[in-house]
Amino acid sequence: MILFRRELRKNLKPLLIWSAALSALILIMMSVFTQMAKEAELLEQLTAAFPEGMLKVFGMDTLNMADVLGFYGVEVYSMTTLFGSIYAAILASGILSKEQSEKTIEFLLSKPVTRTRILTEKLAAALLYVVIFNLVIIVVSAISFLMIQSQEVDWSRFMLLSLAQLLLHAAFAAAGFFLSSIMNRSRTILPVSLGLVMVLYFVFVAANLSDSLSFLLYITPFHYVDAADILESGTLNVLSVTVIPLILLIGTGSAYVIYRRRDISV
Amino acid sequence: MKAVDIQELTKFYGSSRGIQDITFSIEEGEVFGFIGPNGAGKSTTIRTLLNFIYPTSGRATILGKDIVRDSVDIRRMVGYLPSEVHYYDDMKAVDLLRYSASFYGKVDEPRMKKLAEQLDLDLGRKIEKLSFGNRKKVGIIQAMLHAPRLLILDEPTGGLDPLMQHTFFELLEEERQKGVTVFFSSHILSEVQKVCDRVAIIKQGELLKVESVSNLTRSRLKKVMITLEPGMSDYAIRLEGIMNQERDGQELRLLFNGDIKQLLSELGHMPLVDIRIEEPSLEEVFMHYYER
């Protein structure tokens with residue numbers, strides 16, 4: 001538990017900053033909704049002003065912007081999934097690779113700890129923070145819904161969205177963790193894992209925009225947590241609930257296999 | 001039981017050589033020097049012993065435990081001081097030492113304070129604000145605090161001023177008297193000569209020789225310095241056992257490893273005005289192995 005506690009302390013500040021930033025984002029966007037809901041026409045005009053492709057990307061062609069969750073899915077969820085993935089990737093890739101880049105890994109490895117224990121305690125700390133971060137998003141979102149008294153919110157659909165989002169963030173944490181377990185040049189890990197999130201998000205956007213690229217949807221995890229699909233169907237589809245946990249398992253599993261066997265030099 | 005027992009240990013990084021076929025052992029309670037120029041493979045050997053890196057072939061045990069299979073058991077009994085000390089910048093010296101000690105169990109606060117006092121280290125300072133030498137002191141305390149049975153020190157004196165080096169050697173002597181084994185890697189031969197019982201000499205990844213320090217320095221190897229008569233500066237001496245012959249104006253310097261009687265009779269009819277015969281320093285002994 002020594003390493004686990006140390007990582008919790010070390011990564012607390014970024015968690016607070018990211019949580020505060022996204023909470024502010026949620027509250028601001030949802031207060032915009034409150035304003036707009038008063039003038040339903042305005043919302044329709046807003047929707048009509050977007051080009052068709054953009055509507056598709058953000059699910060505005062299927063989601064009802066006048067509905068709380070519809071608006072939430074387009075304006076908030078799309079942001080929290082992206083920024084949360086960035087946070088998760090930065091957190092999980094740094095938690096291991098910082099020991100390497102700051103050359104403290106030689107100190108740590110000379111202590112009586114197995115590499116398995118190092119990985120487990122660090123991964124546990126990263127995942128716990130991803131969960132806490134998601135709880136903050138859920139609680140703040142729920143508060144913002146409660147402040148909107150004009151509409152009832154479909155809480156079960158909201159929880160589905162939140163679950164999907166948590167899975168997505170955890171998957172990017174696993175990917176970042178995996179990258180930092182295999183890469184020797186520790187300084188490149190952060191840009192690589194950030195790039196991974198951005199590229200996959202870009203692929204998601206592009207594949208939504210163009211029908212000829214739509215086959216690419218299957219390679220990006222953002223597709224599996226698409227708000228439009230979830231809110232429309234009221235379920236997570238089978239692929240979503242299998243692919244993302246699979247990424248999680250494979251990412252962390254191979255991190256263990258590789259990190260335990262490789263040479264670690266500073 | 002040997003403190004360290006290395007058998008044909010080999011480490012390649014891809015196709016480039018780290019160390020090759022290293023075999024030697026260290027007795028418990030011994031202070032053992034490991035010398036060689038930079039890049040000879042000293043740190044590679046140590047990193048393999050601590051299982052930071054995996055051996056390509058060969059095997060080794062520390063205090064009876066296998067370096068790969070029982071690495072965690074080994075690290076519980078070993079204190080390691082790396083040649084370059086890198087710690088967490090957000091910590092104070094005292095935080096780092098407590099963090100380090102927590103991996104072994106309870107923190108021995110009195111011992112920590114005593115060591116800090118002996119080394120004249122302010123434990124309340126942030127590590128990032130510490131000078132290179134002061135970081136090294138943190139490293140030394142970190143290696144000794146949990147009272148290990150084996151100390152592995154990689155270039156321990158680098159960054160310490162002469163006064164601190166003296167204190168450090170006193171600390172080592174205290175440890176030795178408690179029966180602690182010391183594995184002392186260095187490229188500075190005089191300090192190895194000062195504290196070690198035996199030395200292993202490594203060059204380009206291969207072990208050249210393991211020898212007791214007293215044997216090395218008190219072998220028949222002699223340093224002979226002859227001042228020749230004026231005008232005789234091109235005089236050369238030919239004798240079996242001359243390892244090295246250097247000329248500097250009137251002065252002729254020899255490393256001699258042959259029959260001392262033959263040398264004396266040869267000297268008898270040499271045109272010399274002065275002569276000195278000395279024990280060679282380990283440095284010179286080492287250079288001699290190094291050149292061969």
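Me: Leaving aside its neighbours within four places in sequence, which residues is Ser110(A) in contact with?
Reply: Quick heads-up: this is a predicted model, where local features need pLDDT of at least 70, side-chain atom pairs count only at pLDDT 80 or more, and totals for chains, interfaces and linings use all residues. Residues are numbered from 1 along each chain as its sequence is written, chains are lettered from A and ligands numbered from 1 in the order in which they are written, and side-chain values use heavy atoms, leaving out hydrogens and water. Contact means heavy atoms within 4.5 Å. With those sequence neighbours set aside, the partners of Ser110(A) are Phe52(B), Arg75(B), Tyr80(B), Tyr104(B) and Gln142(B).

Me: And where does Ser110(A) sit?
Reply: Helices (H or I, at least four residues) and strands (E, at least two) are DSSP runs, numbered from the N terminus. Ser110(A) is in chain A, in the loop between H7 and helix H6 (105–109).

Me: Why does Ser110(A) count as buried?
Reply: Buried means under 20% relative accessible area, exposed over 50%, and partly exposed in between, using a 1.4 Å probe and protein chains only. Ser110(A) is buried because its relative accessible area is 3%.

Me: How far apart in space are Ser110(A) and Ala88(A)?
Reply: Along the sequence, the two are 22 residues apart. Going from C-alpha to C-alpha, the separation of Ser110(A) and Ala88(A) in space is 29 Å.

Me: At what angle do H7(A) and H12(A) pack?
Reply: H7 covers residues 115–147 and H12 covers residues 238–261, both in chain A, and their axes are 9 Å apart. The axes are lines fitted to C-alpha atoms, for helices over the stretch in contact, and angles run from 0 to 180 degrees between N-to-C directions. For this pair the angle is about 145°.

Me: Which residues of H12(A) make that contact?
Reply: On the H7(A) side, you'll find Arg115(A), Thr116(A), Leu119(A), Thr120(A) and Leu123(A). By class, the contact has 5 nonpolar, 3 polar and 3 charged residues; Ala, Val, Leu, Ile, Met, Phe, Trp, Tyr, Cys and Pro count as nonpolar, Asp, Glu, Lys and Arg as charged, and the others, Gly among them, as polar. H12(A) contributes Thr252(A), Ala255(A), Tyr256(A), Tyr259(A), Arg260(A) and Arg261(A).

Me: What is phi of Asn51(B) near?
Reply: Asn51(B) is in the loop between helix H1 (42–49) and strand S4 (57–62) of chain B, and is buried at a relative accessible area of 6%. Not counting residues up to four places away in sequence, Asn51(B) touches Ile67(B), Val68(B) and Ser71(B), plus Arg115(A) from the other letter. Most residues other than glycine have a negative phi. For Asn51(B), phi is positive, near 65°.

Me: What percentage of the residues of chain B count as buried?
Reply: Chain B has 10 helices and 14 strands, and its C-alpha atoms fill a box of roughly 70 × 40 × 35 Å along the principal axes. Among its contacts between residues at least 6 apart in sequence, 68% join residues at least 24 apart. Of the 292 residues of chain B, the buried share is 51%.

Me: What is the volume of the largest cavity?
Reply: The whole structure has 4 cavities of 30 Å³ or more. In the largest cavity, the lining has 10 nonpolar, 4 polar and 1 charged residues, and H5(A) gives the largest share, 5 residues. The volume of the largest cavity is about 140 Å³.

Terms used
On a 1 Å grid over the protein atoms alone, a cavity is a set of points where a 1.4 Å probe fits but cannot get out, and a pocket is an open set with protein on both sides within 12 Å along at least five of seven lines; lining residues have an atom within 4 Å of a point. Grid points are joined across faces, edges and corners, and a volume is the space filled by probe spheres set on the points.
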